[in-house]
Amino acid sequence: MNPRWDVQQRIQQRRMPEVGIATLAIVIPCTDQACLVQDAVEAALSLDGVDVRVVVVDDASSDSTCLVRRTFQGRDRVGWIRTHAPQGPVVARNLGLTYCQTDAVGFLDPASVCRKRLQAV
């Protein structure tokens with residue numbers, strides 16, 4: 001028996017099956033970023049190849065972030081949480097995480113979104 005063939009065969013037997021992600025939640029924590037939140041939500045919803053849910057956590061914004069919420073009102077794939085007092089980004093992320101019931105979760109900072117489409121990884 002060819003030793004090389006034997007090694008390749010053992011590697012093939014141990015290979016893990018590919019795992020697909022059926023649903024993905026994207027948590028978008030924000031504070032006073034009304035001008036960026038809409039683009040962030042739209043970018044998250046534009047991901048191809050996966051069923052995306054978006055959870056926006058408005059950490060007691062004092063700007064017009066609540067008006068952006070109205071843009072997505074009635075869309076079942078977008079949820080909004082608003083804190084009554086600023087808690088900080090870590091608490092906002094953790095709060096959003098508690099509402100996720102998906103196969104995978106990602107976090108998106110609205111200031112990091114560029115106008116190009118995001119790619120599912």
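1. Basis. Residue numbers start from 1 along each chain as its sequence is written, and side-chain values use heavy atoms, with hydrogens and water left out. As this is a predicted model, local features need pLDDT of at least 70 and side-chain atom pairs count only at pLDDT 80 or more, while totals for chains, interfaces and linings use all residues.

2. Salt bridges. A search of the whole structure returns two salt bridges (a side-chain nitrogen of Lys or Arg within 4 Å of a carboxyl oxygen of Asp or Glu). One of them pairs Arg 82 with Asp 58, with 3.0 Å between the closest N and O atoms. This pair links distant parts of the chain, 24 residues apart: Arg 82 is in strand S3 (residues 78-82) and Asp 58 in strand S2 (residues 51-58). Strands (E, at least two residues) and helices (H or I, at least four) are DSSP runs, numbered from the N terminus.

3. Exposure of that pair. Asp 58 counts as buried at 4% relative accessibility, whereas Arg 82 is partly exposed at 41%. Buried means under 20% relative accessible area, exposed over 50%, and partly exposed in between (1.4 Å probe, protein chains only).

4. The Arg 53 pair. Arg 53 forms a salt bridge with Asp 51, and their closest N and O atoms are 3.1 Å apart. Arg 53 is partly exposed at 32% relative accessibility; Asp 51 is also partly exposed, at 28%.

5. Nonpolar patch. Leu 97, Val 105 and Phe 107 make a nonpolar surface patch of about 230 Å². Patches are made of residues with over 30% relative accessible area and no salt bridge, with like charges joined within 9 Å and nonpolar side chains (Val, Leu, Ile, Met, Phe, Trp, Tyr) within 5 Å. Accessible areas come from the Shrake-Rupley method with a 1.4 Å probe, and for residues only the protein chains shown count as cover. Phe 107 belongs to strand S4 (residues 104-107) and is partly exposed, its relative accessible area being 43%.

6. Gln 38. This residue lies in helix H2 (residues 34-45) and is partly exposed at 29% relative accessibility. Leaving out residues up to four places away in sequence, Gln 38 touches Val 68, Thr 71 and Phe 72 (contact: heavy atoms within 4.5 Å). Gln 38 and Pro 110 are 72 residues apart in sequence, with a C-alpha to C-alpha distance of 8.5 Å.

7. Cys 66. Helix H3 (residues 65-71) contains Cys 66, which is partly exposed at 43% relative accessibility. The C-alpha atoms of Cys 66 and Asp 32 are separated by 9.9 Å, and the two residues are 34 apart along the chain.
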